[in-house]
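Keep the coordinates open while reading.

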Amino acid sequence: MKKFLLLLLLFPVATAMQAQSKRARAKADKIITANIESHINYLASDKLEGRRAGSPGENLAMQYISNMFEKYRLSPKGDNGFIQAFNVSEGNAYTSPDNHFSVNNEKLEPKTDYYPLSFSANTAAKGSVSPMLREKGQIWFWNVSDVLEDNKGNPHFDMAGAVKEEAEKDAKKGATALIVYNSSNLADNVLFDKFDTTATVDIPVIYVTQQGLQKYFADVTGYYDLDLNVHLQADNRKAHNVVGYIDFNAPTTVVIGAHYDHLGYGEDGNSLDGAGQIHNGADDNASGTAAMMELARILYNTKARNNNYLFIAFSGEELGLLGSKYWLQHASADINMNYMINLDMVGRYSADRKLTIGGYGTSPTWGEVFQTTTDPNLEIKFDSSGSGPSDHAAFYNDSVPVLFFFTNSHADYHKATDDADKINYKDETEIVDYIVNIINAANDKGKLAFSKTKDAEMRMVSLPVTLGVMPDYGFTGAGMRIDGVSKGKTAEKIGLKPGDVLLQLGDYKFVDVQTYMQALQHFKKGDKTTLIISRDGKESSFDVQF
């Protein structure tokens with residue numbers, strides 16, 4: 001009876017405490033939501049022009065994040081205050097206004113109508129010429145259709161080498177420039193390789209696309225007044241990581257990261273709706289950056305002090321995880337890393353798309369942690385893989401346990417329509433709270449053991465087929481170098497290894513990740529083809545069935 005009376009007395013107290021706790025949580029969440037909305041509205045505003053790595057907009061974002069880190073009392077841990085600068089090398093480019101090509105005084109559009117080739121001389125040429133005639137001291141044309149037909153069954157045929165050889169030969173015979181075109185329907189693989197370091201030829205060499213050919217050279221027997229100039233130049237810019245630290249004098253440090261760069265105006269060819277518009281990247285990845293800054297604010301006062309916390313806003317992710325890879329190779333803080341949390345696109349949660357948490361399999365401890373942390377307001381999908389197209393992959397490849405938070409792709413991914421008014425601020429707040437709970441649950445687990453995982457190909461865009469490889473986005477050679485091979489997939493079955501450079505699939509050559517993805521679009525499940533790779537400087541071919 002006494003126990004019953006005691007329970008009756010304590011029940012109102014417990015109920016009042018619960019109500020007080022709910023009010024405190026609601027008040028705290030209101031602050032988080034307001035801060036996230038404020039951060040995203042600034043970072044994804046037109047003022048920042050899409051935060052392209054190394055751009056003035058990226059600099060504005062960098063300064064904003066630095067100011068927030070300072071406001072939240074983080075210690076600077078960059079090479080210069082909060083900032084760690086690094087070079088973004090983009091090889092050669094033909095974006096200078098000095099590049100031009102006109103036919104009968106009509107200006108051709110670079111890339112869509114024509115483009116110079118990487119071994120072209122930087123010089124000008126003009127004349128009134130016919131594609132069918134070759135006169136000394138004039139511009140010459142070369143139709144590659146015959147050489148393509150002759151080598152149709154030869155997977156080792158080097159189109160780039162053939163074009164360069166033709167240009168060298170024609171220059172010696174008196175050509176002032178060479179215009180290359182293809183009148184056939186065969187894939188010619190004449191591409192601009194911005195990282196080509198081979199010697200240039202003595203004359204300008206320009207490739208006219210199918211569109212340019214039909215538009216400006218419909219009659220190959222006619223005469224045309226041509227005026228062209230090629231000016232290839234190194235395209236380098238400075239990008240910046242932003243690094244802040246909370247020091248609890250703990251033996252280990254948790255890294256919490258998010259990339260803050262985006263596509264700018266789509267200049268790098270990674271836009272899905274074309275260049276020319278500002279790509280604000282509200283979800284990708286102003287949302288993750290905002291969440292990371294809120295975690296910095298919250299964790300400054302945390303009771304989970306068995307780890308220190310290093311916060312890194314990465315740049316260059318959209319160009320191939322450049323900022324995270326650079327930081328790992330040139331660490332600006334001397335820390336004993338425990339695990340890494342990455343937030344990339346966490347602003348568009350819905351119950352049907354769910355919150356994906358990647359990296360579950362990168363430490364056996366994650367299983368214990370997630371048994372004690374649940375959130376009834378979130379539908380969660382776990383993915384064991386530590387790989388993926390975001391910055392956590394660089395840490396996973398460095399044998400660090402990771403978690404990757406991602407609310408999945410959507411129709412606005414890499415488009416100019418990824419704007420702040422589409423962010424689900426309420427559920428992003430819920431995700432921030434959930435991550436705090438995970439950090440609290442892992443606080444007493446010590447240094448987490450690392451586990452290698454069966455790697456899935458987490459893709460942001462749909463492809464009809466895949467090989468099951470993770471690209472090395474930072475590779476600057478010709479081709480597509482493999483960073484990792486997924487277990488049980490085609491690549492592993494045929495014997496591909498990390499470090500292999502993929503060069504050609506069937507008729508389709510590629511010079512980088514983008515052209516590799518384009519090549520995959522030509523195949524469907526069940527197709528058979530030949531893959532050509534370079535391994536340790538030697539070419540090999542593999543039979544592939546998708």
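Buried means under 20% relative accessible area, exposed means over 50%, and partly exposed lies in between (1.4 Å probe, protein chains only). By that scale Phe370 is buried at 8%, while Tyr360 is partly exposed at 31%. This is a predicted model: local features need pLDDT of at least 70, side-chain atom pairs count only at pLDDT 80 or more, and totals for chains, interfaces and linings use all residues. Residues are numbered from 1 along each chain as its sequence is written, and side-chain values use heavy atoms, without hydrogens and water.

**Aromatic pairs**
- Rings of Phe, Tyr and Trp (its six-membered ring) pair if their centres lie within 6.5 Å; planes under 30 degrees apart are stacked, over 60 edge-to-face, the rest tilted.
- The whole structure holds 22 aromatic pairs.
- Phe141 and Phe217 are edge-to-face, because their ring centres are 5.5 Å apart and their planes stand at 75 degrees.
- Phe141 sits in strand β7 (139–143) and Phe217 in the loop between α5 (210–216) and β10 (224–229), 76 residues apart.
- Helices (H or I, at least four residues) and strands (E, at least two) are DSSP runs, numbered from the N terminus.
- Phe141 and Phe217 are both buried.
- Tyr360 and Phe370 make a tilted pair, with 5.8 Å between centres and 35 degrees between planes.
- Tyr360 is in the loop between β15 (355–358) and α8 (365–371) and Phe370 is in helix α8, so this pair ties together parts ten residues apart in sequence.
- One aromatic cluster is formed by Tyr339, Tyr360, Trp366, Phe370 and Phe382.

**Nonpolar cores**
- A nonpolar core is a set of buried Ala, Val, Leu, Ile, Met, Phe, Trp, Tyr and Cys residues joined through side-chain atoms within 4.5 Å.
- The largest nonpolar core has 61 residues, of which Ile40, Ile256, Tyr309, Phe311 and Leu343 touch the most other members.
- Another core, of 44 residues, lies apart from it and includes Leu117, Val129, Phe141 and Val205.

**Cavities**
- On a 1 Å grid over the protein atoms alone, a cavity is a set of points where a 1.4 Å probe fits but cannot get out; lining residues have an atom within 4 Å of a point.
- Two cavities of 30 Å³ or more are found.
- The largest cavity has a volume of about 80 Å³.
- Ten residues line the largest cavity, and Gly388, Ala393, Asn397, Met470 and Asp483 are the closest to its centre.
- The second largest cavity has a volume of about 30 Å³.
- Its lining consists of Val129, Ser130, Leu133, Arg134, Glu135, Gln138, Ile139 and Trp140.

Conventions
1 Å grid on protein atoms, 1.4 Å probe; cavity = no way out; pocket = protein on both sides within 12 Å on 5 of 7 lines; lining within 4 Å. Points joined across faces, edges and corners; volume = space filled by probe spheres on them.
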